[in-house]
Amino acid sequence: MVPGPSQIPPRVMKALMRVVDHRSPHFHRLYRDVVEGLKYVFRTNGDVYPITASGTGAVETMVLNFVKPKDTVVVPIFGSFSRRLVNHLRRLVLRLLRLITVGRRRPRTMT
């Protein structure tokens with residue numbers, strides 16, 4: 001779910017509709033500024049990768065780029081994104097260990 005409906009001023013809508021070519025010098029400056037800003041926000045000197053996708057797209061990107069087919073993965077189940085992560089992992093991973101918490105009880109281990 002996303003918050004809304006939200007009223008967006010016309011000048012903001014006009015700015016959002018502007019197309020920026022991803023090969024243009026303007027885009028490269030903009031991307032560099034975004035990356036540097038994210039490094040500041042997250043207080044890191046490490047790599048930061050902005051993703052222009054939904055949260056589900058970010059989860060799938062993480063799975064496809066960081067998990068190898070025979071890895072064992074532990075996933076704490078705490079909401080819809082963790083359940084989606086499990087679904088993405090099932091397509092790739094042979095050994096998936098899920099931790100399911102019920103109230104304040106200790107987690108049950110599920111395979």
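Good morning. The protein I am presenting has 4 helices and 3 strands, where helices (H or I, at least four residues) and strands (E, at least two) are DSSP runs numbered from the N terminus. This is a predicted model, in which local features need pLDDT of at least 70 and side-chain atom pairs count only at pLDDT 80 or more, while totals for chains, interfaces and linings use all residues. Residues are numbered from 1 along each chain as its sequence is written, and side-chain values use heavy atoms, with hydrogens and water left out.

Let me begin with the overall layout. Read from the N terminus, the order of elements is α-α-α-β-α-β-β. Of the 111 residues in the protein, 19% are buried; buried means under 20% relative accessible area, exposed means over 50%, and partly exposed lies in between, with a 1.4 Å probe and protein chains only. The accessible surface comes to about 9800 Å², and carbon and sulfur atoms hold 59% of that area. These areas come from the Shrake-Rupley method with a 1.4 Å probe, and for residues only the protein chains shown count as cover. Among contacts (heavy atoms within 4.5 Å) with a separation of 6 or more, 26% join residues 24 or more positions apart.

Which residues make up the largest nonpolar core? There are 9 in all: Val-59, Val-63, Val-67, Val-73, Val-75, Ile-77, Leu-85, Val-86 and Leu-89. At least two residues of this core come from each of helix 3 (55–66), strand 1 (72–77) and helix 4 (80–92). By a nonpolar core I mean a set of buried Ala, Val, Leu, Ile, Met, Phe, Trp, Tyr and Cys residues joined through side-chain atoms within 4.5 Å.

Helix 4 also carries His-88. Is this histidine buried or exposed? His-88 counts as buried, because its relative accessibility is 9%. Apart from neighbours within four places in sequence, His-88 contacts Thr-56, Val-59, Glu-60 and Val-63.

Next, the charged pairs. How many salt bridges does a search of the whole structure find? The search finds 2, a salt bridge being a side-chain nitrogen of Lys or Arg within 4 Å of a carboxyl oxygen of Asp or Glu. One joins Arg-32 and Asp-33, at 3.7 Å from N to O. Arg-32 is partly exposed at 46% relative accessible area, and Asp-33 is partly exposed at 47%. Another pairs Lys-39 with Glu-36, whose closest N and O atoms are 4.0 Å apart. Lys-39 and Glu-36 are 3 residues apart in helix 2 (residues 25–42), so about one helical turn separates them. Here Lys-39 is buried, at 17% relative accessible area, whereas Glu-36 is partly exposed, at 45%.

Beyond helix 2, I would draw your attention to Arg-43, in the loop between helix 2 and helix 3. Although not a glycine, Arg-43 has a positive phi of about 50 degrees. Arg-43 counts as exposed because its relative accessibility is 71%.

Ile-8, Val-12, Met-13 and Leu-16 make a nonpolar patch of about 340 Å². Patches consist of residues with over 30% relative accessible area and no salt bridge; like charges are joined within 9 Å, and nonpolar side chains (Val, Leu, Ile, Met, Phe, Trp, Tyr) within 5 Å. Ile-8 is located in the segment before helix 1 (10–16) and is partly exposed, at 41% relative accessible area. Thank you.
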